[in-house]
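Please have the model open beside the text.

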Amino acid sequence: MYCNKPVNIIKTWRKIKKIIKVSISLAKINFILRTEGSYLGIFWYLLNPLIMFLIIISIKKYALSNIQVENYPLYLFMGITGFNFFKQALSNAITSIRSNTDYIKSINTLEPEVLVVSGVFQVVFSHLFEFILIIGFMIYYKIFLAGLLFYPLIFFFFLILTLGLSFIFATIGMYIYDFDNVWIILTQLLFFISPIFYVIKKGDFIYYFNLINPLFYFLTLARSAVINFTTAPLWIILGMFFFSFSSLIIGLLVFNRFKNKFTELI
Amino acid sequence: MINKQLRRIQINDISKVFNTDTSNNSILLRLLSLFTGKELQKPFKALTNISLDAYDGENIGIIGKNGSGKSTLLRLIANIYPHNGKIITNGKLFYTNGFGLGFRQRLTMRENIYLVGLIMGLSKSEINEIFDEIVSFSELNEFLDTKVYKFSSGMINRLRFSVTIHCLEYKKPEIILLDEVFGGGGDISFQDKALEKIKEFIESNATVILVSHDMNIIRKYCDRVIFIHDGQIISDGDPEKTIDAYLTLIKKPKTPITI
C-alpha cells in the first residue's frame, strides 16, 4: 500500500516555514509603520513600560515598603515587560483577522494564520528593545550576565504559549466583537493578580490563583534565571511546558476548526 | 487551446446560504442585539444547485446582475468560502477580487511592491527577479522611494495592477479566477497596456474564469459564458446567446428568460 505520510509531513513543514517567514516580514513592516514619521521612533515602544516602572518605583517607598526583593528594579521591570508582551500580543490577535479583511477575502494566497502570527511577532520586536534595557539594568546593578543566556529559551516557551492563546483569541474575536473590551478589563485583573510588582508566597490566597496563571510560570522562571542565576523548581518548569504546548495544540485545533468560516463573518 | 482530457474544475450540485442582516425579529432579540452590537440575521440563499466543469485552456465568462452570486461562486471555487458540496480543483489556483490589494500608504513604492508580492505568495528573491519589470510597467520609475500617500489615485491603480499582474505571471497558475479586474486604472494608454497584459493571460493555457459587467470583454475573450440569476445558472454555453439572454433581462426585467 502506498504511504504518503512523509509527503504530508514535508508539506506541513514547508507550510509552517512559509507562514513563519511571511509573518516575520509582515511584522517587520507593521513594526516600522508604527513608528514611521514619529520623532521619538522606537522610544515609544519603551515609554509605556518605563513610565509604569517609574510610577511603581516612586510609590514603593510609601505604599509597597513591605516588599523585600533583591534587585527590585530589575524584578519589577522584567515583570512589566513580560506582562506587556502578553497583553499586547493577545490584543493584536483579537483584531488580527477582522482588521485585514482584504487579505483573506480578496485573494487566496495568504494563510489566515499569518495574520495572527505576525501580530505576535510584531510585539516580539518591541520586546527585543525592552530586553536591551534589561541588560542595561543588569550592568547597572552589577548582576552576573550569564543568566541572560537562559532568557531566549524561557522566552521561546512563553512565545509558544502566547501564539497558542493568540489563535484562540483571534477566533473568539471574530465571533464576539466586544472581546477586545473584555480583554482590556481582564488584563487589568491579570496585572494585579500576577506577581509583577509584588512577591507571592506559598500559602497566600493569591498563590492558588496563580497556579492557573501562565504568566506566573514565565515570570518565576525568567527571574530565577536572569536575576538569581538559579533554576526554578521542577514543577514550575513542567508547568511552563504544560501551558505552552497545551495552549498551542488547543489554539491550532480551535483556529483550524473555525478559520474557514471567518470570511463569512466579515 | 482547450484540452477536454484535462478537467481543471469540477463542481457538483453546490448551494450556498449566507446569514444576512435583518430587523424583522422579536423585541427580546432586538434588545440583545442592541446590547451586544451584533446584528440580527436571516438566511439568504446565494447559490442554488450549481454544477459545472471547466477544462484546461478554457476561458469562461460569468455574467449576471449585482448580487446574483457570481463572486460567491468564484470564492467557493477558491475555497475562500466554506461549502458542504463537492468542488474539485486540479492545478495551482489563483483568485483575485480586483487589483486592489491593500497598499500601506506610509510605505514607499519599493516597500509596497515587496509587501504585495509577499502577500501574493512570492519570496523576497522571487520578487527581486520581477522587481524591474513591475517598476517599468507601472511607468513610475522616478517615484520608487516616494511614499504612496503622495501618489494620485491613478498612480496607485497603475502600481497595483503592475504588481499583481507580474506576481501572477511569475506564479504561473493553472487556474485563474478574476473577479472584476478589468480597467487597470491610470490614463487611456495605460489601460490599453493593462488590457493587453490581461489578454496574454487569458490566451495562455490556463483555465480562466472571469466575472465582468463589460460585455465587450466577455465577447472578446470567452469561449463559454455562464449567466447566473438569483443564484441559479440560467444559461451555460454559447457567448452570444447567453449575453443576449442577460441583456434582455436587464432591459425588460419582467420578461421570462428564454435561451
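What follows covers salt bridges and then a nonpolar surface patch.

Keep in mind that this is a predicted model. Over all chains, the structure holds 14 salt bridges.

| Salt bridge | N to O distance |
|---|---|
| B:D53 and B:R7 | 3.1 Å |
| B:R110 and B:D145 | 2.9 Å |
| B:K193 and B:E139 | 2.6 Å |

Start with B:D53 and B:R7, whose side chains meet in a salt bridge. B:D53 sits in strand β2 (residues 41-56) and B:R7 in strand β1 (residues 3-21), so this pair ties together parts of chain B that are 46 residues apart in sequence. B:D53 counts as partly exposed because its relative accessibility is 23%, and B:R7 is partly exposed at 35%.

Next comes the salt bridge between B:R110 and B:D145. Here helix α3 (residues 109-119), which holds B:R110, is linked to the loop between α4 (124-138) and α5 (153-171), where B:D145 lies, 35 residues away. B:R110 is partly exposed at 32% relative accessible area, while B:D145, at 52%, is exposed.

The loop between α4 and α5 also holds B:E139, whose partner B:K193 is in helix α6 (residues 188-202), 54 residues apart. B:K193 is partly exposed at 26% relative accessibility, and B:E139 is partly exposed at 38%. Elsewhere, B:E58, B:R224 and B:D236 are joined into one network by salt bridges that share partners.

Now for chain A: which residues make a nonpolar surface patch of about 600 Å²? They are A:L234, A:L238, A:F241, A:F245, A:I249 and A:L253. A:I249 belongs to helix α10 (residues 234-258), and counts as exposed because its relative accessibility is 52%.

Note on methods
Residues are numbered from 1 along each chain as its sequence is written. Chains are lettered from A and ligands numbered from 1 in the order in which they are written. This is a predicted model: local features need pLDDT of at least 70, side-chain atom pairs count only at pLDDT 80 or more; totals for chains, interfaces and linings use all residues. Side-chain values use heavy atoms; hydrogens and water are left out. Patches are made of residues with over 30% relative accessible area and no salt bridge: like charges are joined within 9 Å, nonpolar side chains (Val, Leu, Ile, Met, Phe, Trp, Tyr) within 5 Å. Accessible areas come from the Shrake-Rupley method with a 1.4 Å probe; for residues, only the protein chains shown count as cover. A salt bridge is a side-chain nitrogen of Lys or Arg within 4 Å of a carboxyl oxygen of Asp or Glu. Helices (H or I, at least four residues) and strands (E, at least two) are DSSP runs, numbered from the N terminus. Buried means under 20% relative accessible area, exposed over 50%, partly exposed in between (1.4 Å probe, protein chains only).
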